[in-house]
Amino acid sequence: MKRVLSGIQPSGQLTLGNYIGAMQNFVRLQETHECFFMVVDLHAITVPQEPAALREQSEAVAALFIAAGIDPAKASVFMQSHVPAHAELGWLFTTLAYMGELERMTQFKDKSSGKDSVGAGLFVYPTLMAADILLYNADLVPVGDDQKQHLELTRDLGHRFNARFGDYFTIPEPYIPKVGARIMSLDDASKKMSKSNPNPASYIALLDPPDVIRKKLSRATTDSGRDVIYNPAEKPEISNLMSIYSHCSGLSLEEIQAKYEGQGYGAFKKDLAEHVVATLEPLQQRYREIRESGEIHAILKQGAERVAEVANKTVRDVKERMGFLPAR
Ligand code: AQP
């Protein structure tokens, strides 16, 4: 069975972008693959996090995995920091990566631009991500379009290690959904919808109450004109709302276009809000039940124990190949 690995940062409230671009695929893949899904808290601290908020968001993301339909009997769900092998291999990989290739990462450029001081962790973020993936010799990595460049670097580091120390790592392939790989911001379709955007009106959080969802979508930016037409180059704002509509309703983009012909944006946005609310309501209900039961802690413990066996073996093998003196 092929292995799948992916993670989500507890760096804010999960958004509809994370759900469509990542979690929905996780749920599908667990049926056919051996899956490892983690909350990447070590990645989250590459930008400053308030400790109490980090703790709360970490538990919330783990509970949302389960609420979205990830079944801990089929997939391993765990916190990255509960498996120290991630940090250890991450360090080893910083010694394999070149400054120049890390400097080219667009996520680093975006997140560091305009900042006076930028943490070194943000710079080496991709080497930790490479460690996350290669630790489990994952074949497939389901990610949104935004993570494609990091995955390319993971592949390069895997090849580099294999060339220098002998064939060891499986070189992973990205698994990127065709539609929904990049859900854009509600206030500006040139930027991706992001949980760390300081403006909450720019995203739909998975835990937003129905009325908040309705309000955010009714105020979402639209293009000039009034036709509901899918054309990302000329009508980026409405095209983005149409992909969200398509995901939440199951209708194709052509069907949506035909349905709203001659009706303008108002009717479209109103129905869109109802489809998003109907998609998120059952997930929110399950989320509340999981948080109240406290069961998430046992799920995370079991997940970490299961994956640590694989991860620790990889670190042992890698250190041996790199020439570390084993402890006796
Ligand atoms: N807007 C998006 N559309 C489609 N997929 C998306 N993903 C994120 N945003 C979108 C996918 O969600 C997964 C988890 O992402 P992450 O938490 O590791 O970090 P990210 O990609 O940087 O996502 P955010 O929400 O923008 O987080 P912040 O704001 O903290 O940086 C990934 O598979 C990602 O592709």
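Author: We take the terms one by one, using this predicted model.

Reader: Why is D156 called partly exposed?

Author: Count its neighbours. D156 has 17 C-beta neighbours inside 10 Å. Buried takes 20 or more, and exposed takes 12 or fewer. The count of 17 falls in between, so D156 is partly exposed.

Reader: Where is D156 found?

Author: D156 sits in helix α9, which covers residues 148-165. Its C-alpha atom is 41 Å from that of I256, 100 residues apart along the chain.

Reader: What domains is the protein chain divided into?

Author: Domain 1 is 3-176 + 294-322, and domain 2 is 200-288. Their C-alpha centres lie 30 Å apart.

Reader: How many residues of each domain are in contact?

Author: Contact asks for C-beta atoms within 7 Å. By that test, 11 residues of domain 1 touch 11 residues of domain 2. On the domain 1 side, α1 (16-29) and α3 (51-67) each supply at least two residues. Helix α1 gives the most there, with 4. That side divides into 8 nonpolar, 3 polar and no charged residues.

Reader: What makes up the shell around the ligand?

Author: A residue belongs if its C-beta atom lies within 6 Å. The shell has 23 residues, and the closest are G17, G21, G144, S194 and S196. Strand β1 (3-8) and α1 each supply at least two. Again α1 gives the most, here 5 residues.

Reader: How do the shell residues divide by type?

Author: There are 7 nonpolar, 12 polar and 4 charged residues around the ligand. Gly counts as polar.

Note on methods
Residues numbered from 1 in each chain as written. Predicted model: local features only at pLDDT ≥ 70, side-chain atom pairs only at ≥ 80, totals over all residues. Domains from an automatic or database assignment. Contact = placed C-beta atoms within 7 Å.
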